[in-house]
Amino acid sequence: MQDPRRSEPPYLLGERDMLEQWLEFHRLTLILKCEGLDDDQRKTRPIATSKLSLHGLVRHMAEVERNWFRRVLKSDPKTPSIWYDPGIDDSELVPLDDAIWEVDLAAFHAECEASRAASSDKNLDVTGIRRGEPVSLRWIYVHMIEEYARHNGHADLIREMLDGAVGC
């Protein structure tokens with residue numbers, strides 16, 4: 001059953017509206033995958049060889065939002081990471097023992113809002129800089145949709161392994 005808070009964009013939209021609505025669709029999809037679970041379930045890594053959990057994916061995507069919209073689009077490379085620990089690979093994903101869902105979810109929402117603000121007054125051809133190369137806002141939107149879609153696939157599998165829930 002489709003969640004009333006989320007719907008696919010209409011088939012006929014202008015390019016910017018299409019990109020923004022698909023990005024919003026995928027942002028909400030990730031959050032919906034986490035609903036109805038307790039903290040332990042959201043932190044569970046059901047695949048022993050993987051660092052992925054639903055909680056970790058939300059933190060990861062907050063960092064990705066911050067990177068592409070603040071560091072790259074706004075050309076502010078000194079924007080600090082949220083959870084980066086130089087001693088731990090993928091430190092936004094693990095460890096999560098002391099992570100507080102409500103705090104991390106609020107950080108995710110704040111990063112999404114900062115991304116919206118960073119891009120709202122820019123046309124799709126505006127560029128930021130990544131690794132010394134120009135990157136258009138259009139490219140950033142497409143990449144973000146791809147990044148969310150990939151991780152939402154991971155979230156689908158994690159959720160199904162946790163409680164059998166599929167779809168949303």
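**Helix α4 and its neighbours**

Tutor: This is a predicted model. In it, the buried residues of α4 pack against α1 (15–34), α2 (39–43), α3 (54–73) and α5 (137–163).

Student: Which residues of α4 are called buried?

Tutor: Buried means under 20% relative accessible area. In α4, these residues are buried: Trp101, Asp104, Leu105, Ala107, Phe108, Glu111, Cys112, Ala114, Ser115, Ala118 and Ser119.

Student: How do you know that the span of α4 agrees with 1.5 Å a residue?

Tutor: Helix α4 covers residues 101–119, which is 19 residues. The expected span is 1.5 Å times one less than that number, so α4 should span 27 Å. The end C-alpha atoms of α4 are 27 Å apart, which agrees.

Student: Why are α1 and α5 called roughly parallel?

Tutor: Their packing angle is about 25°. Angles under 35 degrees count as roughly parallel. Therefore α1 and α5 are roughly parallel to each other. Their axes lie 9 Å apart. The contact of α1 with α5 has 14 nonpolar, three polar and eight charged residues.

Student: What makes α1 roughly antiparallel to α4?

Tutor: The axes of α1 and α4 cross at roughly 180°. Over 145 degrees counts as roughly antiparallel, so α1 is roughly antiparallel to α4. These two axes come within 13 Å.

Student: Which residues of α1 and α4 make the contact?

Tutor: From α1 come Arg16, Glu24, Arg27, Ile31 and Cys34. Those of α4 include Trp101, Leu105, Phe108 and Cys112. By class, the contact of α1 with α4 has six nonpolar, three polar and four charged residues.

Terms used:
Residues are numbered from 1 along each chain as its sequence is written. This is a predicted model: local features need pLDDT of at least 70, side-chain atom pairs count only at pLDDT 80 or more; totals for chains, interfaces and linings use all residues. Side-chain values use heavy atoms; hydrogens and water are left out. Helices (H or I, at least four residues) and strands (E, at least two) are DSSP runs, numbered from the N terminus. Buried means under 20% relative accessible area, exposed over 50%, partly exposed in between (1.4 Å probe, protein chains only). Contact means heavy atoms within 4.5 Å. Axes are lines fitted to C-alpha atoms, for helices over the stretch in contact, and angles run from 0 to 180 degrees between N-to-C directions. Angles under 35 degrees count as roughly parallel, over 145 as roughly antiparallel, 65 to 115 as roughly perpendicular and the rest as oblique. Ala, Val, Leu, Ile, Met, Phe, Trp, Tyr, Cys and Pro count as nonpolar, Asp, Glu, Lys and Arg as charged, and the others, Gly among them, as polar.
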